[in-house]
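Keep the sequence and the 3D view open while you read.

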Amino acid sequence: MANVTVIGAQWGDEGKGKIVDWLASRADAVVRFQGGHNAGHTLVIDGKVFKLSLLPSGIVSGTMSMIGNGVVLDPWALRDEVEKLEGQGVVINDDNLAIADNCPLILPMHRDLDGLREAAAGKGKIGTTGRGIGPAYEDKVGRRAIRVCDLAHLDSLDPQLDRLCAHHDALRAGFDQPPVDREALIEELRDIADFVQRFAQPVWKRLKKVRKAGAKILFEGAQGVLLDVDHGTYPFVTSSNTVSGTAAAGSGLGPNSTGFVLGIVKAYTTRVGSGPFPTELDDEVGQGIGERGHEFGTVTGRQRRVGWFDAVIVRQTCAISGVTGIALTKIDVLDGLDTVKICTGYRLRGNVYDYLPSHAGEQAEVEPIYEEMDGWSESTAGARSFADLPANAIKYIQRVQELIECPVALVSTSPERDDTILMRDPFVD
Ligand code: IMP
(Lines give C-alpha, C1' and ligand atoms only; values in the text may rest on other atoms or scores of the structure.)
Protein backbone atom coordinates (compact mmCIF):
# COMPACT_ATOMS: atom_id res chain seq x y z
CA MET A 1 0.00 0.00 0.00
CA ALA A 2 1.39 3.37 -1.02
CA ASN A 3 0.11 5.58 1.79
CA VAL A 4 2.40 7.34 4.25
CA THR A 5 1.77 8.69 7.76
CA VAL A 6 4.17 11.35 9.00
CA ILE A 7 4.52 12.02 12.71
CA GLY A 8 6.97 13.96 14.87
CA ALA A 9 8.98 11.57 17.07
CA GLN A 10 10.20 14.16 19.61
CA TRP A 11 8.52 17.28 21.05
CA GLY A 12 7.44 18.75 17.71
CA ASP A 13 9.39 21.12 15.46
CA GLU A 14 11.38 18.24 14.00
CA GLY A 15 11.19 19.69 10.49
CA LYS A 16 8.02 17.91 9.42
CA GLY A 17 6.99 20.77 7.11
CA LYS A 18 9.81 20.24 4.66
CA ILE A 19 9.48 16.45 4.61
CA VAL A 20 5.71 16.59 4.26
CA ASP A 21 6.01 19.11 1.45
CA TRP A 22 8.56 16.88 -0.29
CA LEU A 23 6.29 13.85 0.07
CA ALA A 24 3.18 15.90 -0.77
CA SER A 25 4.59 16.76 -4.16
CA ARG A 26 4.44 12.99 -4.88
CA ALA A 27 1.11 12.26 -3.14
CA ASP A 28 -2.41 12.59 -4.54
CA ALA A 29 -3.96 13.78 -1.27
CA VAL A 30 -2.71 15.13 2.07
CA VAL A 31 -4.74 14.91 5.29
CA ARG A 32 -4.24 16.62 8.66
CA PHE A 33 -5.72 14.44 11.41
CA GLN A 34 -5.11 16.13 14.80
CA GLY A 35 -4.07 19.36 16.47
CA GLY A 36 -5.01 22.78 15.20
CA HIS A 37 -3.27 26.06 14.46
CA ASN A 38 -0.85 25.40 17.34
CA ALA A 39 1.26 23.63 14.72
CA GLY A 40 3.85 25.56 12.78
CA HIS A 41 5.24 24.21 9.55
CA THR A 42 7.76 26.16 7.54
CA LEU A 43 8.27 25.30 3.90
CA VAL A 44 11.03 26.76 1.76
CA ILE A 45 10.41 26.31 -1.95
CA ASP A 46 12.80 27.92 -4.44
CA GLY A 47 13.92 30.28 -1.70
CA LYS A 48 10.33 31.38 -0.93
CA VAL A 49 9.18 30.82 2.67
CA PHE A 50 5.64 29.62 3.44
CA LYS A 51 4.41 29.36 7.03
CA LEU A 52 1.50 27.05 7.71
CA SER A 53 -0.33 26.37 10.95
CA LEU A 54 -3.64 24.80 10.10
CA LEU A 55 -3.63 23.98 6.41
CA PRO A 56 -2.07 20.70 5.27
CA SER A 57 1.39 21.26 3.81
CA GLY A 58 0.26 19.83 0.47
CA ILE A 59 -1.71 23.00 -0.23
CA VAL A 60 1.41 24.86 -1.39
CA SER A 61 2.26 22.29 -4.05
CA GLY A 62 -1.38 22.18 -5.21
CA THR A 63 -2.01 18.67 -3.86
CA MET A 64 -5.58 17.87 -2.75
CA SER A 65 -5.55 18.82 0.96
CA MET A 66 -7.98 17.75 3.66
CA ILE A 67 -8.54 18.71 7.28
CA GLY A 68 -9.86 15.66 9.12
CA ASN A 69 -12.34 15.45 11.98
CA GLY A 70 -9.52 14.98 14.52
CA VAL A 71 -8.41 18.59 14.02
CA VAL A 72 -9.84 21.49 16.07
CA LEU A 73 -10.57 24.31 13.66
CA ASP A 74 -10.40 28.02 14.39
CA PRO A 75 -12.39 29.41 11.43
CA TRP A 76 -10.91 32.90 11.71
CA ALA A 77 -7.37 31.56 11.81
CA LEU A 78 -8.28 29.48 8.77
CA ARG A 79 -9.44 32.55 6.85
CA ASP A 80 -6.30 34.51 7.79
CA GLU A 81 -4.05 31.67 6.69
CA VAL A 82 -5.88 31.13 3.41
CA GLU A 83 -5.73 34.86 2.62
CA LYS A 84 -2.04 35.06 3.50
CA LEU A 85 -1.16 32.12 1.27
CA GLU A 86 -3.30 33.46 -1.56
CA GLY A 87 -1.32 36.69 -1.21
CA GLN A 88 1.81 34.58 -1.84
CA GLY A 89 0.29 33.18 -5.02
CA VAL A 90 -1.03 29.85 -3.69
CA VAL A 91 -4.34 28.81 -5.25
CA ILE A 92 -6.89 27.57 -2.68
CA ASN A 93 -10.40 26.54 -3.65
CA ASP A 94 -12.98 23.85 -2.96
CA ASP A 95 -11.22 21.58 -5.46
CA ASN A 96 -7.98 21.40 -3.52
CA LEU A 97 -9.18 21.97 0.08
CA ALA A 98 -11.78 19.91 1.98
CA ILE A 99 -12.64 20.35 5.65
CA ALA A 100 -14.42 17.65 7.63
CA ASP A 101 -17.90 18.86 8.50
CA ASN A 102 -17.62 17.05 11.85
CA CYS A 103 -14.58 19.09 12.97
CA PRO A 104 -15.13 20.89 16.29
CA LEU A 105 -14.57 24.65 16.20
CA ILE A 106 -12.18 26.67 18.34
CA LEU A 107 -14.16 29.70 19.50
CA PRO A 108 -13.02 32.95 21.14
CA MET A 109 -14.12 31.55 24.55
CA HIS A 110 -11.55 28.74 24.14
CA ARG A 111 -8.74 31.18 23.55
CA ASP A 112 -9.90 33.20 26.58
CA LEU A 113 -9.92 30.15 28.80
CA ASP A 114 -6.50 28.95 27.61
CA GLY A 115 -5.01 32.34 28.52
CA LEU A 116 -6.84 32.68 31.85
CA ARG A 117 -5.80 29.23 33.00
CA GLU A 118 -2.18 29.67 32.04
CA ALA A 119 -2.04 33.05 33.78
CA ALA A 120 -3.49 31.51 36.95
CA ALA A 121 -1.33 28.38 36.92
CA GLY A 122 1.88 29.92 38.25
CA LYS A 123 4.64 27.32 38.27
CA GLY A 124 2.21 24.71 36.99
CA LYS A 125 1.93 26.56 33.70
CA ILE A 126 2.10 24.30 30.64
CA GLY A 127 3.39 26.96 28.27
CA THR A 128 0.63 26.40 25.71
CA THR A 129 0.54 28.22 22.40
CA GLY A 130 -2.48 30.17 23.71
CA ARG A 131 -4.59 29.13 20.72
CA GLY A 132 -7.44 27.55 22.71
CA ILE A 133 -6.52 24.02 21.67
CA GLY A 134 -6.99 22.33 25.06
CA PRO A 135 -10.36 23.94 25.91
CA ALA A 136 -11.69 23.13 22.41
CA TYR A 137 -10.77 19.44 22.76
CA GLU A 138 -12.34 19.41 26.25
CA ASP A 139 -15.61 20.67 24.79
CA LYS A 140 -15.44 18.04 22.06
CA VAL A 141 -15.24 15.15 24.52
CA GLY A 142 -17.63 17.01 26.83
CA ARG A 143 -20.15 16.83 23.96
CA ARG A 144 -20.81 20.54 23.88
CA ALA A 145 -18.69 21.60 20.88
CA ILE A 146 -20.00 23.64 17.96
CA ARG A 147 -18.86 21.86 14.82
CA VAL A 148 -18.30 22.88 11.21
CA CYS A 149 -21.65 21.33 10.16
CA ASP A 150 -23.44 23.55 12.70
CA LEU A 151 -22.46 26.62 10.66
CA ALA A 152 -25.22 25.70 8.22
CA HIS A 153 -27.77 25.69 11.06
CA LEU A 154 -27.03 28.80 13.07
CA ASP A 155 -30.73 29.54 13.59
CA SER A 156 -31.19 26.37 15.61
CA LEU A 157 -28.03 26.57 17.69
CA ASP A 158 -29.71 27.52 20.99
CA PRO A 159 -29.74 24.11 22.71
CA GLN A 160 -26.03 23.64 21.96
CA LEU A 161 -25.21 27.16 23.03
CA ASP A 162 -27.12 26.63 26.28
CA ARG A 163 -24.96 23.62 27.10
CA LEU A 164 -21.73 25.28 25.99
CA CYS A 165 -22.34 28.59 27.72
CA ALA A 166 -23.56 27.01 30.98
CA HIS A 167 -20.16 25.35 31.20
CA HIS A 168 -18.06 28.34 30.13
CA ASP A 169 -19.99 30.95 32.09
CA ALA A 170 -19.37 29.04 35.33
CA LEU A 171 -15.65 28.83 34.56
CA ARG A 172 -15.48 32.47 33.51
CA ALA A 173 -17.20 33.59 36.70
CA GLY A 174 -14.42 31.82 38.63
CA PHE A 175 -11.90 33.98 36.76
CA ASP A 176 -13.95 37.16 37.34
CA GLN A 177 -14.88 37.33 33.67
CA PRO A 178 -18.26 38.32 32.20
CA PRO A 179 -20.42 35.56 30.69
CA VAL A 180 -20.06 34.69 27.02
CA ASP A 181 -21.76 37.28 24.80
CA ARG A 182 -24.00 34.90 22.86
CA GLU A 183 -25.31 37.51 20.44
CA ALA A 184 -21.81 38.61 19.52
CA LEU A 185 -20.72 34.99 19.10
CA ILE A 186 -23.61 34.20 16.75
CA GLU A 187 -22.79 37.32 14.72
CA GLU A 188 -19.14 36.31 14.44
CA LEU A 189 -20.17 32.81 13.36
CA ARG A 190 -22.58 34.23 10.77
CA ASP A 191 -19.77 36.36 9.41
CA ILE A 192 -17.41 33.41 8.93
CA ALA A 193 -19.90 30.64 8.08
CA ASP A 194 -19.92 30.99 4.28
CA PHE A 195 -16.16 31.06 4.10
CA VAL A 196 -15.81 27.74 5.95
CA GLN A 197 -18.84 26.06 4.40
CA ARG A 198 -17.50 26.19 0.88
CA PHE A 199 -14.84 23.68 1.97
CA ALA A 200 -17.01 21.59 4.32
CA GLN A 201 -17.88 18.00 3.47
CA PRO A 202 -17.70 14.47 4.88
CA VAL A 203 -13.95 13.99 4.50
CA TRP A 204 -14.22 10.27 5.28
CA LYS A 205 -16.28 9.88 2.11
CA ARG A 206 -13.84 11.83 -0.02
CA LEU A 207 -11.04 9.66 1.37
CA LYS A 208 -12.95 6.50 0.62
CA LYS A 209 -13.34 7.67 -2.97
CA VAL A 210 -9.71 8.65 -3.50
CA ARG A 211 -8.52 5.45 -1.85
CA LYS A 212 -10.71 3.38 -4.13
CA ALA A 213 -9.23 5.21 -7.11
CA GLY A 214 -5.76 4.08 -5.96
CA ALA A 215 -4.58 7.51 -4.80
CA LYS A 216 -1.44 7.88 -2.67
CA ILE A 217 -2.53 9.47 0.59
CA LEU A 218 -0.23 11.32 2.95
CA PHE A 219 -1.40 11.66 6.57
CA GLU A 220 0.24 14.71 8.12
CA GLY A 221 0.72 14.70 11.88
CA ALA A 222 1.37 17.80 13.96
CA GLN A 223 3.41 18.27 17.16
CA GLY A 224 5.31 15.17 18.32
CA VAL A 225 4.77 11.92 20.21
CA LEU A 226 6.25 13.36 23.42
CA LEU A 227 3.39 15.89 23.37
CA ASP A 228 0.77 13.14 23.01
CA VAL A 229 -1.93 13.44 25.69
CA ASP A 230 -1.48 9.75 26.65
CA HIS A 231 2.10 8.90 25.77
CA GLY A 232 3.83 12.25 26.18
CA THR A 233 5.39 14.06 29.14
CA TYR A 234 2.00 14.56 30.81
CA PRO A 235 0.75 17.09 31.87
CA PHE A 236 3.20 19.11 29.75
CA VAL A 237 1.61 17.94 26.52
CA THR A 238 -0.93 19.07 23.97
CA SER A 239 -4.55 17.89 24.16
CA SER A 240 -4.65 15.47 21.23
CA ASN A 241 -3.16 12.08 20.44
CA THR A 242 -0.19 12.80 18.24
CA VAL A 243 0.75 9.14 17.67
CA SER A 244 0.38 7.52 14.25
CA GLY A 245 -2.74 5.61 15.34
CA THR A 246 -4.67 8.88 15.29
CA ALA A 247 -4.27 9.14 11.52
CA ALA A 248 -7.12 6.64 11.16
CA ALA A 249 -9.54 7.97 13.80
CA GLY A 250 -8.82 11.61 12.98
CA SER A 251 -9.52 11.29 9.28
CA GLY A 252 -12.12 8.56 8.88
CA LEU A 253 -10.14 5.76 7.26
CA GLY A 254 -9.31 2.50 8.99
CA PRO A 255 -5.91 1.65 10.54
CA ASN A 256 -5.17 -0.61 7.57
CA SER A 257 -4.96 2.49 5.36
CA THR A 258 -2.28 4.53 7.03
CA GLY A 259 0.67 2.75 5.39
CA PHE A 260 4.34 3.49 6.01
CA VAL A 261 4.85 5.37 9.28
CA LEU A 262 7.60 7.94 8.84
CA GLY A 263 8.86 9.37 12.14
CA ILE A 264 10.50 12.77 11.79
CA VAL A 265 13.51 13.06 14.08
CA LYS A 266 15.80 16.02 14.53
CA ALA A 267 19.52 15.18 14.81
CA TYR A 268 19.44 16.87 18.25
CA THR A 269 16.50 17.67 20.54
CA THR A 270 14.33 20.75 21.10
CA ARG A 271 11.21 21.59 23.03
CA VAL A 272 9.05 24.70 23.50
CA GLY A 273 7.02 25.33 26.61
CA SER A 274 7.49 23.84 30.07
CA GLY A 275 8.17 20.26 31.11
CA PRO A 276 10.94 17.70 31.53
CA PHE A 277 13.80 17.60 29.05
CA PRO A 278 16.57 15.22 30.20
CA THR A 279 19.26 16.20 27.66
CA GLU A 280 18.66 19.96 27.80
CA LEU A 281 21.82 22.08 27.41
CA ASP A 282 22.08 25.30 29.37
CA ASP A 283 25.50 26.22 27.99
CA GLU A 284 27.19 27.78 24.95
CA VAL A 285 27.02 24.51 23.02
CA GLY A 286 23.22 24.51 23.34
CA GLN A 287 23.07 28.19 22.49
CA GLY A 288 25.21 27.63 19.38
CA ILE A 289 23.03 24.75 18.19
CA GLY A 290 19.89 26.86 18.82
CA GLU A 291 21.30 29.76 16.81
CA ARG A 292 22.52 27.65 13.90
CA GLY A 293 19.22 25.75 13.87
CA HIS A 294 17.12 28.97 14.05
CA GLU A 295 15.27 27.42 16.97
CA PHE A 296 12.43 29.88 17.39
CA GLY A 297 8.78 28.75 17.33
CA THR A 298 6.91 29.31 14.04
CA VAL A 299 3.65 29.98 15.91
CA THR A 300 4.64 31.91 19.02
CA GLY A 301 8.17 33.07 18.17
CA ARG A 302 9.36 31.63 21.50
CA GLN A 303 12.97 30.49 21.78
CA ARG A 304 13.11 26.70 21.81
CA ARG A 305 15.02 24.81 24.47
CA VAL A 306 17.88 22.79 22.96
CA GLY A 307 19.66 19.55 23.93
CA TRP A 308 21.64 16.55 22.70
CA PHE A 309 20.01 13.74 20.78
CA ASP A 310 18.10 11.48 23.16
CA ALA A 311 18.03 7.94 21.75
CA VAL A 312 15.99 6.67 24.71
CA ILE A 313 12.96 8.79 23.96
CA VAL A 314 13.14 8.31 20.20
CA ARG A 315 13.37 4.52 20.63
CA GLN A 316 10.27 4.81 22.82
CA THR A 317 8.29 7.07 20.48
CA CYS A 318 9.18 4.92 17.44
CA ALA A 319 7.85 1.87 19.27
CA ILE A 320 4.67 3.62 20.45
CA SER A 321 3.93 4.90 16.96
CA GLY A 322 4.97 1.80 15.04
CA VAL A 323 7.49 3.82 13.04
CA THR A 324 8.60 2.03 9.87
CA GLY A 325 11.52 4.37 9.20
CA ILE A 326 12.72 7.81 10.27
CA ALA A 327 13.61 11.01 8.45
CA LEU A 328 16.61 12.52 10.22
CA THR A 329 16.55 16.30 9.89
CA LYS A 330 18.90 19.22 10.53
CA ILE A 331 22.09 17.14 10.63
CA ASP A 332 23.86 20.20 9.16
CA VAL A 333 23.22 22.12 12.41
CA LEU A 334 25.73 19.81 14.14
CA ASP A 335 28.48 20.62 11.58
CA GLY A 336 31.62 22.03 13.16
CA LEU A 337 31.24 20.57 16.66
CA ASP A 338 34.38 18.83 18.05
CA THR A 339 32.30 16.20 19.81
CA VAL A 340 28.67 15.19 19.74
CA LYS A 341 26.79 13.35 22.46
CA ILE A 342 23.93 10.88 22.35
CA CYS A 343 21.89 9.92 25.39
CA THR A 344 21.70 6.12 25.63
CA GLY A 345 20.00 5.64 29.01
CA TYR A 346 18.95 7.39 32.22
CA ARG A 347 20.11 7.14 35.79
CA LEU A 348 17.47 7.58 38.48
CA ARG A 349 18.15 7.02 42.17
CA GLY A 350 20.83 4.39 41.55
CA ASN A 351 18.90 2.56 38.82
CA VAL A 352 19.52 2.61 35.08
CA TYR A 353 16.49 3.07 32.81
CA ASP A 354 16.24 2.26 29.12
CA TYR A 355 12.95 4.17 28.85
CA LEU A 356 11.37 7.39 30.10
CA PRO A 357 9.21 6.62 33.15
CA SER A 358 5.62 7.92 33.15
CA HIS A 359 5.69 9.95 36.36
CA ALA A 360 6.30 13.68 35.77
CA GLY A 361 8.53 13.96 38.88
CA GLU A 362 10.69 11.05 37.74
CA GLN A 363 10.86 12.41 34.21
CA ALA A 364 12.20 15.66 35.63
CA GLU A 365 14.74 13.84 37.80
CA VAL A 366 16.33 11.35 35.37
CA GLU A 367 19.96 12.00 34.51
CA PRO A 368 21.13 11.24 30.99
CA ILE A 369 23.89 8.71 30.35
CA TYR A 370 25.87 9.89 27.34
CA GLU A 371 27.94 8.29 24.67
CA GLU A 372 30.44 10.70 23.09
CA MET A 373 31.46 10.66 19.43
CA ASP A 374 33.88 12.71 17.34
CA GLY A 375 32.15 15.50 15.45
CA TRP A 376 32.90 16.60 11.88
CA SER A 377 34.33 19.87 10.62
CA GLU A 378 33.16 19.45 7.02
CA SER A 379 29.77 20.76 5.90
CA THR A 380 26.85 18.42 5.40
CA ALA A 381 24.58 21.25 4.24
CA GLY A 382 22.94 20.54 0.91
CA ALA A 383 24.30 16.97 0.59
CA ARG A 384 22.08 14.87 -1.67
CA SER A 385 23.77 11.49 -1.38
CA PHE A 386 25.17 9.48 1.50
CA ALA A 387 28.58 9.50 -0.19
CA ASP A 388 28.66 13.31 0.11
CA LEU A 389 28.57 13.14 3.90
CA PRO A 390 31.71 13.29 6.08
CA ALA A 391 32.70 9.91 7.58
CA ASN A 392 31.91 11.02 11.14
CA ALA A 393 28.45 12.24 10.18
CA ILE A 394 27.78 8.82 8.64
CA LYS A 395 28.97 7.16 11.86
CA TYR A 396 26.64 9.40 13.85
CA ILE A 397 23.64 8.53 11.68
CA GLN A 398 24.43 4.82 11.86
CA ARG A 399 24.74 4.97 15.64
CA VAL A 400 21.40 6.81 15.92
CA GLN A 401 19.78 4.15 13.80
CA GLU A 402 21.22 1.34 15.94
CA LEU A 403 20.20 2.93 19.23
CA ILE A 404 16.63 3.77 18.25
CA GLU A 405 16.17 0.32 16.69
CA CYS A 406 14.60 1.81 13.59
CA PRO A 407 16.04 2.38 10.10
CA VAL A 408 16.79 5.80 8.64
CA ALA A 409 14.75 6.27 5.47
CA LEU A 410 15.68 9.87 4.69
CA VAL A 411 18.23 12.45 5.77
CA SER A 412 17.46 16.13 5.34
CA THR A 413 20.48 18.40 4.91
CA SER A 414 18.93 21.88 4.52
CA PRO A 415 15.49 23.51 4.54
CA GLU A 416 15.36 23.29 0.71
CA ARG A 417 13.00 20.63 -0.62
CA ASP A 418 15.60 18.86 -2.76
CA ASP A 419 18.43 18.75 -0.21
CA THR A 420 17.38 15.30 0.90
CA ILE A 421 19.15 11.93 0.89
CA LEU A 422 16.74 9.12 0.17
CA MET A 423 17.60 5.63 1.42
CA ARG A 424 14.16 4.11 1.36
CA ASP A 425 11.16 5.59 -0.43
CA PRO A 426 8.15 5.50 1.92
CA PHE A 427 5.70 5.62 -1.00
CA VAL A 428 7.09 2.53 -2.71
CA ASP A 429 8.26 0.56 0.32
P1 IMP B 1 -1.14 23.64 23.22
O2 IMP B 1 -1.11 22.62 22.14
O3 IMP B 1 -1.22 25.05 22.69
O4 IMP B 1 -2.17 23.36 24.27
O5 IMP B 1 0.27 23.59 23.99
C6 IMP B 1 0.64 22.49 24.80
C7 IMP B 1 2.13 22.20 24.69
O8 IMP B 1 2.41 21.71 23.37
C9 IMP B 1 3.04 23.42 24.89
O10 IMP B 1 4.24 22.98 25.50
C11 IMP B 1 3.34 23.87 23.47
O12 IMP B 1 4.55 24.58 23.38
C13 IMP B 1 3.42 22.52 22.77
N14 IMP B 1 3.12 22.60 21.35
C15 IMP B 1 1.90 22.73 20.77
N16 IMP B 1 2.01 22.73 19.43
C17 IMP B 1 3.30 22.57 19.15
C18 IMP B 1 4.04 22.47 17.91
O19 IMP B 1 3.49 22.46 16.81
N20 IMP B 1 5.39 22.32 18.04
C21 IMP B 1 5.99 22.24 19.24
N22 IMP B 1 5.36 22.33 20.41
C23 IMP B 1 4.02 22.49 20.37
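## A charged surface patch

Four lysines, Lys 205, Lys 208, Lys 209 and Lys 212, gather on the surface in a patch of positive charge. The model is a predicted one. Lys 208 sits in helix α7, which covers residues 203–212. Its relative accessible area is 52%. Exposed means over 50%, so Lys 208 counts as exposed.

## Annotated positions

Which residues carry the UniProt annotation "active site"? The unreviewed entry gives it to Asp 13, His 41 and Lys 140. These residues span 128 residues in sequence, and the farthest two C-alpha atoms are 25.9 Å apart, so they do not all gather at one spot.

Take Asp 13. It lies in the loop between β1 (4–8) and α1 (16–24). Its relative accessibility is 22%, so Asp 13 counts as partly exposed.

## Backbone features

Tyr 234 and Pro 235 are joined by a cis peptide bond, with omega at about 5 degrees. Pro 235 is in the loop between β8 (217–220) and α8 (246–249).

Arg 143 is not a glycine, yet its phi is positive, about 60 degrees. Arg 143 belongs to the loop between α4 (133–141) and α5 (158–174). With 70% relative accessibility, Arg 143 counts as exposed.

Asp 176 also has a positive phi of about 60 degrees, and it is not a glycine. Asp 176 is placed in the loop between α5 and α6 (182–197). Is Asp 176 buried or exposed? Its relative accessible area is 72%, so Asp 176 is exposed.

## Salt bridges

How many salt bridges does a search of the whole structure find? The search finds 22.

| Pair | Closest N to O distance |
|---|---|
| Glu 365 and Arg 349 | 2.9 Å |

Asp 162 lies in helix α5 and Arg 182 in helix α6, so the pair ties together parts that are 20 residues apart in sequence. Asp 162 has 43% relative accessibility and counts as partly exposed. Arg 182, at 25%, also counts as partly exposed.

Next comes the salt bridge of Glu 365 with Arg 349. Glu 365 is in helix α11 (residues 360–365), while Arg 349 is in the loop between β14 (339–348) and β15 (351–353), so this pair ties together parts 16 residues apart in sequence. Glu 365 is partly exposed, at 38% relative accessible area. Arg 349 counts as exposed, at 58% relative accessibility.

Why does Asp 419 count as buried? Its relative accessible area is 10%, and buried means under 20%.

Some salt bridges share partners. Such bridges join Asp 13, Lys 266, Glu 295, Arg 304 and Lys 330 into one network. Asp 13 is also among the residues annotated "active site" in the UniProt entry.

## Separations along the chain and in space

Pro 108 is in helix α3 (residues 108–120). Its relative accessibility is 19%, so Pro 108 counts as buried. How far apart in space are Pro 108 and Val 366? Their C-alpha atoms are 39 Å apart, and the two residues are 258 residues apart in sequence.

Leu 85 is in helix α2 (residues 75–87). Leu 85 is buried, with a relative accessible area of 1%. Leu 85 and Ala 364 are 279 residues apart along the chain. A distance of 40 Å separates their C-alpha atoms.

Definitions and conventions. Residues numbered from 1 in each chain as written. Predicted model: local features only at pLDDT ≥ 70, side-chain atom pairs only at ≥ 80, totals over all residues. Heavy atoms only, no water. Patch = residues over 30% accessible without salt bridge, like charges linked within 9 Å, V, L, I, M, F, W, Y side chains within 5 Å. Areas by Shrake-Rupley, 256 points an atom, 1.4 Å probe, with all protein chains shown as cover. Salt bridge = Lys/Arg side-chain N within 4 Å of Asp/Glu carboxyl O. Lys, Arg positive; Asp, Glu negative; His and termini not counted. Charge placed at Lys NZ, Arg CZ, Asp CG, Glu CD. Helix = DSSP H or I, 4+ residues; strand = E, 2+ residues; numbered from the N terminus. Buried < 20%, exposed > 50% of the residue type's maximum accessible area, 1.4 Å probe, protein only. UniProt positions renumbered as here; feature names shortened; annotations may be inferred.
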